[in-house]
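I opened the notebook to go through one structure, element by element. The entries are in the order of looking things up.

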Amino acid sequence: MNIEDVCSALSNPTRRRLMSVVIASGPMSSKQAHEIYQQKFETYRRESIYKSLETLVSANLLEKTYDEDDGLRYSARMTQLQLNLEGMEVESVAE
């Protein structure tokens, strides 16, 4: 996992909130994430939520899978991270 990608992805408050939504609610579509985000936080364009989810996937913080019944689903790859600033590494913390 690239520390620059992770820090960049998490530098945005919308993406941090989306991470918390996916972690708390489990696997979901971008439409479901958009609906929950708007209920909990603020009105936001659905396309912007989708782009934010994709940024989190690119940083390996979320996983995107395809389900025949439900379509694309986003789920958290991990719920806790540990940054090693000396080695410039990101590691998942066992829960």
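**Entry 1: model.** I am working with a predicted model. Local features are taken at pLDDT of at least 70, and side-chain atom pairs at 80 or more.

**Entry 2: helix H1.** I looked up H1 (3–10). At its start, a side-chain oxygen of Asn-2 comes to within 2.8 Å of the backbone nitrogen of Glu-4. Which residues of H1 are buried? I find Ile-3, Val-6 and Ala-9. Down the axis of H1 these buried residues fall within an arc of 135 degrees, so they line one face of the helix. The elements they pack against are H2, H4, S3 and S4.

**Entry 3: helix H2.** H2 runs over residues 13–25, which is 13 residues. From first C-alpha to last I get 18 Å, close to the 18 Å expected at 1.5 Å a residue. The buried residues of H2 are Thr-14, Arg-15, Leu-18, Met-19, Val-21 and Val-22. They cover an arc of only 165 degrees around the axis, which puts them on the same side of H2. I then asked what covers the buried residues of H2. The cover includes the helices H1, H3 (30–40) and H4 (46–58), and the strands S1 (62–67) and S2 (71–76).

I also checked both ends of H2. At the start, a side-chain oxygen of Asn-12 reaches to within 2.8 Å of the backbone nitrogen of Thr-14. After the helix comes Gly-26, with a positive phi near 85 degrees.

**Entry 4: helix H4.** H4 has 13 residues, and its span from first C-alpha to last is 18 Å, close to the 18 Å expected at 1.5 Å a residue. I list Ile-49, Ser-52, Leu-53, Glu-54, Leu-56 and Val-57 as its buried residues. They pack against H1, H2, H3, S1 and S2.

**Entry 5: nonpolar core.** In soluble globular proteins, nonpolar side chains tend to be buried together. How many residues does the largest nonpolar core have here? It has 19 residues, and those with the most contacts inside it are Leu-18, Ala-33, Ile-49, Leu-53, Leu-56, Leu-61 and Leu-62. H1, H2, H3 and H4 each supply at least two residues of this core.

**Entry 6: aromatic rings.** A search of the whole structure gives 2 aromatic pairs. In one of them, Tyr-37 and Phe-41 are tilted, at 5.1 Å centre to centre and 45 degrees between the planes. Ring pairs join Tyr-37, Phe-41 and Tyr-44 into a cluster. Is Tyr-37 buried or exposed? Tyr-37 has 0% relative accessibility, so it counts as buried. Phe-41 has a relative accessible area of 35% and is therefore partly exposed.

**Entry 7: Arg-73.** I looked up Arg-73 in strand S2. Its relative accessible area is 17%, under the 20% cut-off, so it counts as buried. What does its side chain make a polar contact with? The partner is the side chain of Gln-32, at 2.9 Å. With neighbours within four places in sequence left aside, the contacts of Arg-73 are Pro-27, Met-28, Ser-29, Gln-32, Glu-63, Lys-64, Thr-65 and Asp-67.

**Entry 8: positive phi.** Most residues other than glycine have a negative phi. I noted Asn-60, with a positive phi near 65 degrees. Asn-60 sits in the loop between H4 and S1 and is partly exposed at 35% relative accessible area. I also noted Met-88, which is not a glycine and has a positive phi of about 55 degrees. Met-88 is in the loop between S3 (81–84) and S4 (89–92), partly exposed at 44%.

**Entry 9: Glu-86.** The loop between S3 and S4 also holds Glu-86, which counts as exposed at 79% relative accessibility. How far apart are Glu-86 and His-34 in sequence and in space? I get 52 residues in sequence and 37 Å in space, C-alpha to C-alpha.

Conventions
Residues numbered from 1 in each chain as written. Heavy atoms only, no water. Helix = DSSP H or I, 4+ residues; strand = E, 2+ residues; numbered from the N terminus. Expected span 1.5 Å × (residues − 1). Buried < 20%, exposed > 50% of the residue type's maximum accessible area, 1.4 Å probe, protein only. Arc of directions from axis to C-beta. Contact = heavy atoms within 4.5 Å. Polar contact = N/O pair within 3.5 Å; in protein donor to acceptor, adjacent residues only side chain to side chain. Phe/Tyr/Trp six-rings, centres within 6.5 Å; stacked < 30°, edge-to-face > 60°. Core = buried A, V, L, I, M, F, W, Y, C linked by side-chain atoms within 4.5 Å.
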